[in-house]
Amino acid sequence: MKSDGGTILAFDLYGTLLSTESIAKELTKHFGGEKAAAVAATWRKYQLEYTWRLNSMNQYLPFSTITRRSLHHAIAENKLELQSKEAASLMSAYDCLSTFPDVAPALKSLAKQLLIVPVIFSNGTQEMVGNSVNHSPDLSPYSEVFKNIITVEKIQKFKPHPDVYYHLADSVGKTREQIGDIWLVSGNPFDIVGAKAVGMKAVWVDRGAGGWADGLIEGEKGRPDMVIHGLGELAEAVEGGKISTPGARS
């Protein structure tokens, strides 16, 4: 895929467009509200932790496998039980996570912008991400906004490994020297730091308005180029020319 001169906006999926906390609604059917919230948070914690551990061990498992195994870890840690059919139902529900409330209006606005090239950039497998983008009730109406779905499945590493971001650049027709032309949009601080480490620009979606606290990398190289509190602000930044690539053309 070539960007044809447009500015690449690479959207993280889980935790940026889709709310991983929304799976708690499905979990409530099995465990009740309070337990469901705890399981959802623990599930997400181990889902991410497993990816980082695999990176460190130079090993790979598909994100769907990680998601299933981290679910069972969360269930065990919360001293609950889950039948195999119930687990399968929850995995299916993961393909239909709800979007954050600000996502739909922002995507409507961004669809009108001719000088940007929105893509999905995710740890998920091609099947998982494709299901979410094309079949999720919340996200599928905007599937045509995204010009490509880029996942880590081909290179078998996870964010924030540098090769993941170089794979993104390759997939959108950018060289490593041009990687600074790409804007990552993510609600996950570890993703922001990983993108910045290779020279990419990054927009952090701080919906909780808690402010940037990640202290791993000191200075501007460890901080996002832009902080927004919802994707509506991203659309405004694009319209105002604050996010662009030198030489971008319609």
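So, the second largest cavity: T20, I23, A40, W43, R44, Q47 and Y94 line it. By cavity I mean a set of points, on a 1 Å grid over the protein atoms alone, where a 1.4 Å probe fits but cannot get out, and lining residues have an atom within 4 Å of a point. Helix α2, residues 33–56, gives the largest share of that lining, four residues. Helices here are DSSP runs of H or I, at least four residues, and strands are runs of E, at least two, numbered from the N terminus.

Quick caveat: this is a predicted model, where local features need pLDDT of at least 70, side-chain atom pairs count only at pLDDT 80 or more, and totals for chains, interfaces and linings use all residues. Residues are numbered from 1 along each chain as its sequence is written, and side-chain values use heavy atoms, with hydrogens and water left out.

Okay, on to the largest cavity. Its lining is D12, Y14, R44, L48, F63, N123, K159, N188 and F190.

Now helix α9, residues 231–239. Which of its residues are buried? They are L231, L234, A235, A237 and V238, buried being under 20% relative accessible area and exposed over 50%, with a 1.4 Å probe and protein chains only. The buried ones pack against β1, α5, β2, β4, β5 and β6, with contact meaning heavy atoms within 4.5 Å. After α9 comes G241, with a positive phi near 80 degrees.

Conventions: 1 Å grid on protein atoms, 1.4 Å probe; cavity = no way out; pocket = protein on both sides within 12 Å on 5 of 7 lines; lining within 4 Å.
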